[in-house]
Each structure stands twice: as C-alpha cells, then as structure tokens.
There are 2 protein chains.
Amino acid sequence: MKKRTTLADIAKAANVSMMTVSRVINNKPGVTNQTRKHILDLIKEMEYQPNAIARSLVTNKTKTIGLVVPDITNPFFAQIARGVEDAAYEHEYTILLINTNEELEREMNALDSLWQKDIDGIILCSSRLPELKLSAQIQRFPATVLLNREVLEPLPNLVSINVNDQRGVQRAIQHFVEIGRKNIAFLGGPNTSFSSQRRFVGYQTALKTAQIAYDENLVVFNQPNTEGGYKATSALLSKKSTIDAIFAFNDLMAIGAIQACQQAGHRVPEDIAIIGVDDIPLSSIFHPRLTTLHVNLQQTGRLATRTLLDIIGNEALPATYQIEFELITRESA
Amino acid sequence: MKKRTTLADIAKAANVSMMTVSRVINNKPGVTNQTRKHILDLIKEMEYQPNAIARSLVTNKTKTIGLVVPDITNPFFAQIARGVEDAAYEHEYTILLINTNEELEREMNALDSLWQKDIDGIILCSSRLPELKLSAQIQRFPATVLLNREVLEPLPNLVSINVNDQRGVQRAIQHFVEIGRKNIAFLGGPNTSFSSQRRFVGYQTALKTAQIAYDENLVVFNQPNTEGGYKATSALLSKKSTIDAIFAFNDLMAIGAIQACQQAGHRVPEDIAIIGVDDIPLSSIFHPRLTTLHVNLQQTGRLATRTLLDIIGNEALPATYQIEFELITRESA
DNA sequence: ACAGGTATTGTTAGCGCTAACATAATCCCA
DNA sequence: TGGGATTATGTTAGCGCTAACAATACCTGT
C-alpha cells in the first residue's frame, strides 16, 4: 500500500499551481486545452485519484447517502436497497447501509453516526422512531426520504413515499367480489405494523363499498409467516365453515392458509380463493400459484434516491408519494 | 438545518483550548476530572458531535468498510451483508454497500470510488475481476477480505474466505450412498461460476471414493433456477431411466428437479432422492421438504468483518478460511 | 525551600482540497 | 495602438480536527 498521489504532486509535476489542477479534475473552465491535456496525461500516468475526504471537508458534500432499513435480509428491503443503490450509482453517489434490527437504540445510533459522517441525505425505511424524535432527526439532515412510514407534519426537506395499502386491499377484495365470493376473511399481521393496520382499514372500506356486512369472526391476526397463516386459518375454519375467500397479510401467510385449507379438505381456489401480498419468488413456484398484490420495489427504491437527490438539489416537490399495488392474478384466486 | 457545533465552539464556551476538548471526546488522559466533566456537560448541552470527515482527514481512518456484492437482492449476499453489518456495528464501523451486478466495469468503478473515499478496508464478494486487476486493486487498500473467490498468490493484507464446495458435495453424495443410491446424477449451474465448477469436482471425487464409475450421461448443466432444474432433469430422465438420486447445484434447481421427476411419474424420495444447496426459506416449506447443504451465511459475514478488522489492526492471520457446509436432512433424501 | 519530576493545558502546523479573490497574459475593436 | 474586456493562472485562507511538541502548574522528598 504505497502513499497516495495528491493534487500537490500533480501540480509540482506539471509545474502549475494546485488550483489549475483542481480546475481540471473538476472540469471547470479557465484552463487552456493544452495545459488541460498535459495535466490529464499526468493524472493518468501518476494514477491520481482525488481524496474525497479532503474534498468533502471543504465542500460540505460527501456524495454519500445513508440507507436505513430494519433488515436487509428481508427481500422487501433488499429489493428497495437494490433500486436505491442502482440510482445512486448512476448519479455517482454511494450508499451507507445500516440495519436497525427494529431496535430503537440502534436506529438512533445509526442516525447519529450518519450525521457525523456528514452525508448528503438519508432514506429511512419503516422507521419506528416516535414522531418527535424522528422529526428532530430529519431536521438536522440536509434531505430525507421516508419510506413506508406514516407522515408527520410536513417539513421542507422531507418527502414521504408510501405504498397504498388501502387501495391495494380494496383491489383484492373487489377481485374476490367479481369472481362471486361473499364470505371474505382477513388474515392480519402483527398489529404493531402500520401496514397491517392500513390493510385492515382497506378491508373494511372495501366490504362497505361492496355492500357486504363486516363480520368480526372473519378476522384473525397472527405472525406474518407460513405458520401464522396456517394457525390463523385453522382457527378461522373451525368457527366459520362458509368462508369462500381469504385475504392474507402477505404471501407467506397465504401459503400457510392454503395448506390449512387443503388440510381441512377445501380446494383452492374452487372452494376458497386466496390472495396474498408481496409477490415473493415462491408465489409463482408454489402450487397453486399465488394471486398476490405486487409492487415494483426496485423501482420504488430508484424513486426514493431520485427524489432525495432532487431535495438535495433544491428542486421543489410534493411532500408525499403513493405507490399503487398491482394485482397479479394467478391460480389461487 | 442549523449549523453544526464544532470543537472550536465547545472550546470557546468552556474557555479551554481545542486540544483539551479533543482529549475529552477521544477519551484520552491528561484532563482533570473536573474540566472533563465540565466539557462533557457542554458537549451534551450544545449537542456537539464530532465531524468524522475532518477527523478522517488527519487520522487517515474512516471507520468505514466497503462491501461489494454482485446483487444484494440475492438472499445469499443479503445474509452475508447482514452479518457483515452487524459485526461492523459492534465495532462502530459503518458499511458502504455496492452492487456490481456482475459487471466488470461497475466493479472497477466501485473499487475506485471506495478508494477515493479512503475506506479502511473492503469485503469483496464473488469478484469477477481477472486475477491481475484484482490483485492490483487489493494492494492499494489497507485491508481486504475476499469471499467466495478462488485465491490468488498470497498478499499480506488479504484473507480469503471460501465455502468448501467440494467437501460439501462429497458429504451429500456420501449421504446418497448411505441410503443405498448408486445412480447419482449431477445438475450443474452456469459453468462460468466457480462454485459450480468446484462442486462438479467434488462430485467426481466423491464418486471415486465410493467406487462408483463416473458416467457423463448423468451430468447436465443449466440455469440455476427452477426452470433450469426442470429442463435439465427432464433431459436426464429421458435418456437415463435408472437414476435414483440427483444432486442439484442449488435449491431452486432441486425444486425444478422434483417437479420434473413427479411429472415423469417418479416418487421423491422413494424412487429418486434429491439434494440441493443453500437452504433457502422455501426449502422447508416446499413439499417434500428439501434435504440441502447449509452454511450459516450471517455468521460468515461476521467472520469476514472480524477478520478484516484484524487485518486493519495488524494482527497476524492465516491467509485463507474454509467454511464447511452442513447437510440438513429433511424429506427429499 | 527548591531541583526534578509528573500531571495538565496550550500552541503550532498540517491533513488534501477548493472558494474567493488577485494577478498576469491575451484579445479585440475603435 | 492602446485600454477595457476577457481568459488563464496563481495566492491566500480555511474547512474541523489531531499529532507532536512546548509550556505551564502542581507535586514530592530532602
């Protein structure tokens, strides 16, 4: 690991001042083509690469954005992260990745450490911070995009992006109605989850629209995995045998639900139609192939960083975006 | 976004020199408990947080490590990333995440940009760089850990961590033999992939050990997904009907293989036993539940950063690690 | 009470770069 | 042909911090 070549080295070698070299590397005008070429050659020859740290210290820009997610292992966030990074790469930004593991303390520490590193902005996914702390944090960063979190009072340097859970669920329920289902059950996830709450509201709204009476016996909450789906559905079937459709919080629960139905002797989708959410890879492999609500998360990630860069660049913007679900109709409904 | 509080601000407020404050925030000796407390109070009161950029410029340490992966969307790398970040967090390091998308140019750019940001080390996963370029890159970073890539000539600041593909496959084949299978087919992945190659070697070695003759008609390569597994297996079954076991490059191919077998009227595992690799979540949900080779990737990620930090801290180390697969015996074999 | 040590605080310089202003070189047209 | 505009280059200062050395203040034992 040899020592870095610095601006000064190049300047000396080219027999010009550091500023002239600086102008060349930053593509600024005010340098003859001849000297520019000369310097460019030297830069290549001496393998000079600017020291971003030094540059940041004076410009107050780091070309770095922080991405805070609960758990990168969750495909939901991995997809978003990929989109975020892709778009960042295109604009020559890099990503500082942080997992909060849904722990408040870790999220606070993360934000502090990002702040210390003087990043240009943050993309904060599914933040669990209490409103007050969150808004305090946001105010100290130059720009932030909030993903998948209920909005606070508007802030000038903040944009929120949310998936439209309500509307998505309504679409699903509507689909059930269109294929003639009337006894539609709702499998909720953990009720600490914002999206589970919103989906529940969507479910109720959609029933009202379809003029179907709400029946609380058709609603169960459980863990958002296959096991939870299985248990919830078994419980449901034992007290209500007239069910002909199930909306599940996510695909894993939907799969659990299918297994429970089949176990109990119901055919899917003939007797009971099932719709999940997320469109995980498994959905198209599992048999029967799962009908599900889908969002292009990678695209959403891209949108998040583009929006962030817009805020950084001081371009006016609306304060919230709503991303719509798409219903992927496959075999299960 | 108000202006940052700086060391100078604190120094002025406390009526001491900047150095004294610096000593306090860096927990260095040479400050009275009294003044220390006084300064600490002011720091809290004025919400001072050191500027990491400025600090890095003088110390030449950034407390940041680069993590380069082909695609964070791939659960394999997401798991590793999670482990890497967890361990980094514990040591107060942060992670710069980069996706190369398996593109050479993007990998080079990534490495350049990390270099410019003066990071303390890199963890490079499944690098596709030609040997020469790779080793040149490695030599300019203070420390690097190579994951899942054949080792080059040893370098003082480099540690390689590889999953022991060969031994893993041997374990799988041995399991087939133990349950009385003799006609063992091999479903390979893309032959550009190092791991596919190594697993193929392991397959041949294991056969030799078990004194089973190698038959090239039992070997097929295809895409590493369910479709590839399905096609490969169909092809296999049409020319060889005596097959009683299949080793698949990964779980997705294994699932495709199962579907192809069942389609062709073979029972799994009674007629044909099947083993995959990766232990993806689906493996334990799919029916029949998949027997598969498993590695604790999160743990591997942790190992990677611990090792990297050891290199940074100049603690002597062996040049390569081998991580062993574990055979998870479920229903499919 | 004082030499010689130790514990505490301060001063100077510089990391590598760029903003802002200052100067030198070149041009163009009346 | 000369002077104001223009273009090319240089100089100075400082971003926020810490390493290294310098200067005090405070001891301790004799």
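View 1. Chain B is superposed on chain A by a rotation of 180° with 0.0 Å of shift along its axis, at an RMSD of 0.1 Å. This is the relation of a two-fold axis. The same surface serves both copies, since 97% of the contact residues of chain B recur in chain A. Two residues are in contact if their C-beta atoms, placed from the backbone, lie within 7 Å. The residue of chain B closest to the rotation axis is L96(B), with its C-alpha at 2.2 Å. Superposition is by least squares on the C-alpha atoms of residues with pLDDT of at least 70 in both copies.

The model is predicted: local features need pLDDT of at least 70, side-chain atom pairs count only at pLDDT 80 or more, and totals for chains, interfaces and linings use all residues. Residues are numbered from 1 along each chain as its sequence is written, while chains are lettered from A and ligands numbered from 1 in the order in which they are written.

View 2. Chain A has 12 helices and 12 strands (DSSP runs numbered from the N terminus: H or I of at least four residues for helices, E of at least two for strands). Its C-alpha trace spans about 90 × 40 × 35 Å along the principal axes. The radius of gyration of chain A is 26 Å, whereas a compact globule of 333 residues would have one near 20 Å. That radius is taken over C-alpha atoms, and the globule rule is 2.2 Å times the number of residues to the power 0.38.

**View 3. The surface near DNA strand C.** There are 28 residues around DNA strand C, and T6(A), L7(A), S22(A), V16(B) and G30(B) come nearest. A residue is near a strand if its C-beta atom, placed from the backbone, lies within 6 Å of it. The largest share of this surface, 5 residues, comes from α4(A). Elements supplying at least two residues each include α1 (7-14) of chain A and α2 (18-25) of chain B.

**View 4. The surface near DNA strand D.** Of the 27 residues around DNA strand D, the nearest are S17(A), G30(A), T6(B), L7(B) and S22(B). Two or more residues come from each of α2 and α4 of chain A, and from each of α1 (7-14), α2 and α4 of chain B. Here α4(B) gives the most, with 5 residues.
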